[in-house]
Every structure is written in structure tokens, then in C-alpha cells.
Protein chains: 2
Amino acid sequence: MNALVKLNEDDQDVVVQAGINWMDLNQKIKASGLWFPVDPAPGASIGGMVSMSCSGTNAYRYGTMKEWVLGLTVVLADGRVVKTRRRARKSSAGFDLTRLMIGAEGTLGVVTEAVLRLAPQPRNLVVGLVRFERVGQAVDVVLRVMRSGYKLEALELADGEQMRALNESELSEMRFEEKPTLFVKFAGPSKWVVQEQIEMVKELCRANGATKFEVTDEEDRMGTIWAARKSMAPALIKMKKRETDLFLHSDCAVPISKLPKLIEGTRELIERAAAKAGNGWFCANVGHVGDGNMHSSIICPAEDGAKAEAVLKEVARLALSLDGTITGEHGVGLELRDVLVEEVGEVGMDVMRRIKKSLDPRGILNPGKVLRLEDEGTQAKL
Amino acid sequence: MNALVKLNEDDQDVVVQAGINWMDLNQKIKASGLWFPVDPAPGASIGGMVSMSCSGTNAYRYGTMKEWVLGLTVVLADGRVVKTRRRARKSSAGFDLTRLMIGAEGTLGVVTEAVLRLAPQPRNLVVGLVRFERVGQAVDVVLRVMRSGYKLEALELADGEQMRALNESELSEMRFEEKPTLFVKFAGPSKWVVQEQIEMVKELCRANGATKFEVTDEEDRMGTIWAARKSMAPALIKMKKRETDLFLHSDCAVPISKLPKLIEGTRELIERAAAKAGNGWFCANVGHVGDGNMHSSIICPAEDGAKAEAVLKEVARLALSLDGTITGEHGVGLELRDVLVEEVGEVGMDVMRRIKKSLDPRGILNPGKVLRLEDEGTQAKL
């Protein structure tokens, strides 16, 4: 179930079985000059990525799974098989079953095969590191980059506490000042284009109070900087004081201009809850600033689990009040089911429930995830 | 129902009522430096564009409605209202009701409001016109452009017959050689970037046997060339010999490498049918070569209507045999219902029918479009 079925180089697409790992896929097609740009955690397989509608550090530039899947083969609850699309790059042929399955978390069918779009591999890569005094300064740079017409390769943000976790973890060979830090990737079909982007970003950063601006196209240094970005989650796990400590995090996304309010508001909510608990929680923020998706993390003793989960629900509500979403890329699962109704309303929940019941009346596919079927009694009848 | 509700410049999104015309919308937000890049026929409103999952000449560069709608407000069959999303740029919060409604042709709900993404207006626009001897040469250039990492603004293709219709219509002040012709738009945040693209495309065209390559950044000339592209449908209508003649067309999309086969095969199918009918049909091809979407048109006497419709269904089947779709942007409506099953299979039809029945059990929303509810008796039971 992890085979590459067919690479269509000319059309820049590939047919794969659901079990293939995305990094293995990219390794296998490397010689073609193409790649699949969605980059979640290293262990993810395409089937899981489809089901979670995942994204990652490349989503600001390239979009999420919703933009990179052309068609799916799905086994339904009754064992019948549906192939949602072939290989055309767009289609208006009936309801979009492909996108209905993407992000359904396996509750509507089991994905067995996918046709994926591919992109030319980025060229002339340059990696940058920019330090600010305040999160708002970094966000302001991002908003201006977006208005410029240039599209960078990646725009990631970590706050001072996150940089502290990275330092203390010693997972990076670099040591960082513990201030809000932008991780940036530039690329383009020619060096000129990349240089133009760098000059523009440099000027914006200077105008917005950046205290450090480093760019490099030196292979080792680029690897070291980006490895630091990719070490953020393991670094947080290393902040556990006891084996039994919990690592919990949010996955909210908001309109980008609202990110400073989300990050500040989240800090206040968590600090208040932490003070009440009185057990010295650690809290940090890192995320995909280019698409407004932030992960606020809490490390706390196991006994504070319920309190930490409760405050993360408050964080999700804060995101909703800022016109955002409770989950940008991780999905609903079991934990966010009760907040989902606050995002889509009772009517939205009822629509999802009707769809679920129409395709899986006995509730055998990933039962209990996304929504609770037993709630339906409370809904109005059509 | 055609108001601009709120423009959020910083976040590059806008909330609009469904009745707003896309050109009016772009006029209203012009001063912000932003635009909504999906460009169907001039009369289209956002609500209709959502329901058809439309695209147009900008879709190769920017994507279709599926990529530009962040959220929808929809009235359901029972009068309840669902708001699918707020303004975050991505979300994994439950089933993707936004995309389910996009392209549902009004059969699942009535769209009343939409949150749309906006893009920075293209800058340093240059328009180009390239002539080839054969369609395959033009397609080869397009495939190579796609591999280059450069993304042009638009890539449109008309065959020799289409250029003949344009000449005979006298809708353009220009006269064209009646050969396959690429209409190209270049743009970018700086003149350097645009110049690089032009040089690359020029070199590719020369290497692929182009017999004419013109580019211009002169406002009037750009307008004239692009107006010629936009006059293709009216030019075809002027090819009617009698008031009662029919103008019918396909809307297939295939993987781009298959376009020459689609165009050649379509020509053969139509020529054979036209010869049989013996009434001198006119046939031409024009479309969005950048995303593989072609419109093959037939002008024929009214009495040949059934024959022309039959051959266009054969064209749709040809597209399916080339791994394509029966409709890239125009939707299923009434005409393609019986071919849709050949694209998504009986199981796909059954899934769509179940969703339709779960949300509109009495079938009151745009009845009969996309699928026939009465077919359900032939389906297996879950």
C-alpha cells in the first residue's frame, strides 16, 4: 500500500498508494526535478495527510492538501469503491467528492490511492533568520510581503519563549537570542528574482525594527537554520520536567492581521490559568505566520491536564472571536468536537451529521471522530 | 443582494453578497491595489460563480473558485442558514462544506454571502501573441513553461479555425493568420522578473517552431490583443449562417500533455459527424491551455442539434479516455448528467445522490440539475 503507481512528468502529477510516506515520495521522484510540496511531520503518509487536510511550513507558498490532490480512490463504508476524479487539473463535474474526503478524518471513507499534483523543485534557495523585539513587528513585515506581489517560499514565526525552548533543548547547534524570530525561505527560477525578494524583505524588516537580519545560500548554514525551525516540537517536549508532564498545543488559524491579538490573548489566557494551577507551566508559540496558523503549546504536570485542555478551548474560542478557525491543519479528532459547533453552528453540525449518516449509516468509519452522531436528536428536522 | 459588505485590505479578503458582479467588485476595490482574479464571462455574479466552480483565463495562474473562496453563507432547503467558515486562510475544522457548495450548481443550498480571497493586482503587464504551425508545438511550449518554475499570468490557445472565426467576425481591429495562436500574459512585481519570463518563453517558442512572436507593454496594443482573445465566443456566434443556427460547445479538461490528442480527436469526431449530416458545420477550438481546458465549438443548423449534441458527448468520452474530465468549468447542468456517470461511476453518482437527499430530501433546490434523483432505485443499498 505504499507504492508509487505512476509518475507523469509532463503533466506534473503522480499516482500513489495511500501508505506512501511524503518524504519517500519526494526521494523517489527527485531525479525528475519535481516535488510534492506539502510538508507535515516526517512520519506522515499521503493517506493520513489527505484525511487531515494537513499542511506545514510550505503551505503559505503552495497551499494545503486541498490544493494538491487531483483525485482519490476511496473505499466506502459498505465496501464499494469510488474514484472521485482522473488527472485533469480542474473539474466542475458534480459535487467535489475529492475535497469532501480531504479533511474528513477517515469518517466518510478509507483513502487507498491518490493522484497528486507536483511542482518544479525550488531553485536558488536562500534561508533567512530575522529577529524582532515584538511579535507585531514580524507580523507587520509578513502583511507587507503579502501585498508586494512576491511570494516567498516559507514564512515561519517563533516567539521568545519558543526560542528559549530551542536553546535549552540543545537540539540546534546554534544559540539564539530569545526574541520573536522569523524563519524565511526564498527561492525562484533565477538568482535575480531571489535577490529582488531578499532586498525587499530586508528593507521591510529594517523599517519594522528588526535587530538582526541574516540570509545565507551556504548549504550547511541553510540546513542548520531550517533544522532549528523543524526542531521546535521536539524542543518543547524536552521542556518537560518530569516524564509524565504533558505537551498540549493549539492549532488555531486567524486572518494574519489578527495574529498579534491571538498570540497576546493566548499568552494572557494561559498565564492566568497557569498562575491558578500554580505548578509552573511553560508556554510558547510557533507557527506558520504566512497563513495565520499558530501553535500555542503548554508543558504542564499531568495533574493539570484538564485545566490545560480547558484553557486551550478558550484559545480556540479566542481564534473564533478573531474571525479564525479552531484548527488550521491538525483536525478535530476527539478533542475539538465540542468547540466545532461554535465554529460552524448547530446547522453546520447538522449538515455534517447528515452527510456522515448518508454515507456511513452504521457509523463504522473512525467512529466518534469529528462529530458525535448521538447529538442528532437535538437538531431540527428538514 | 449585490453589496460589498466589508473589504479587509490587510488580510486581502472581502465579504460580498452573492449578487455582486465580479467586474463591479474589482472596480470597487481597485484603489486598494487588490483584485479578485477569477474571470468568467462579464455578466457573472459571485453567487453563480461559486455554484458553477467557474474559472476563466486567469485560472492557470490563480486557480478556480475553489481556491478563492474562504467561506460561504448558504440557505439550506429547509430555510436554515449555515455559515461554513470565517476568514482564516485555511482550516481543517470538519467536513469542507465550503468546497462542497462550490460547484454544486445550487442543488445543495442557495449561496447568499461569500468571503473571497484577494490578490495583489498584477504589475508590469506585458501581453504576447505567438503563432505556430501546429497545435502540438504550442502545447509543448506550455509544458516546458510549467517545468521552468516561472508562472505566467495567462496562457490561452486558439486553433486556426478559431482565428478564422475571429477574422470573419471583424470583432477585432486586428487581422490574424489562421494558424494555432497562443495568447500570453506576463506580469510580476518588477520589470526584471517579467523580462526574464519573456526571454524564456521567446526562446522556447523559437525552439518549437513559432513563426511569429510579438510582445507589447503598450496599453492600447495590449488591450487590442486581449480583447481579441475575449471576443472568441461572440466571434463564433457570428459564424451562424442563419438566425436559427445552433452554437454548441464542449468544456473538457485533460492533462495538458493530452491536449493535442483531445483537439485532434475532437476534430475527427466532429468532421465525421458533420460529413454525415451534410449541412456544413463549422468547428473551432479555443481554451485555457495552461490548465488543459478546451472549448470545442460547433455551429450547425437547428435540425442537426441532436447530432451535434451526440458528438459532443463523444468528445466528453474522449476526454475521459485521456484521463480528463467532461467539464472543466461550465458544470453538468442538464446536458451532461448522463455522461457524469461515466466520469465518477455508479458509486460516485450514488454518493452524490445520498448527499443531495440528505440535504434536500424533497428535491426543491434547482431540481434535476447535476443528477437525476429518480435513478436511485438502480443503486445498491448501504
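Q: What volume does the largest pocket have?
A: The largest pocket has about 1,500 Å³. A pocket is an open set of points on a 1 Å grid over the protein atoms alone, where a 1.4 Å probe fits, with protein on both sides within 12 Å along at least five of seven lines. Volume is the space filled by probe spheres set on the points, joined across faces, edges and corners. This is a predicted model: local features need pLDDT of at least 70, side-chain atom pairs pLDDT 80 or more, while totals for linings use all residues. Residues are numbered from 1 along each chain, and chains are lettered from A.

Q: Which residues lie nearest the centre of the largest pocket?
A: Lining residues have an atom within 4 Å of a point. Here there are 46, and B:Trp22, B:Asp39, B:Pro40, B:Thr57 and B:Lys230 lie nearest the centre.

Q: Which element gives the most to that lining?
A: Helices are DSSP runs of H or I, at least four residues; strands are runs of E, at least two. In the largest pocket, α9(B) leads with seven residues.

Q: Is A:Asp13 buried or exposed?
A: Buried means under 20% relative accessible area, exposed over 50% (1.4 Å probe, protein chains only). A:Asp13 is buried, because its relative accessible area is 0%. Strand β2 (residues 13-17) of chain A holds A:Asp13.

Q: What polar contact joins the side chains of A:Asp13 and A:Arg87?
A: A polar contact pairs N or O atoms within 3.5 Å, one able to donate a hydrogen and the other to accept it. For A:Asp13 and A:Arg87 it is 2.7 Å. A:Asn8 also has a side-chain polar contact with A:Asp13, at 2.6 Å.

Conventions: Heavy atoms only, no water.
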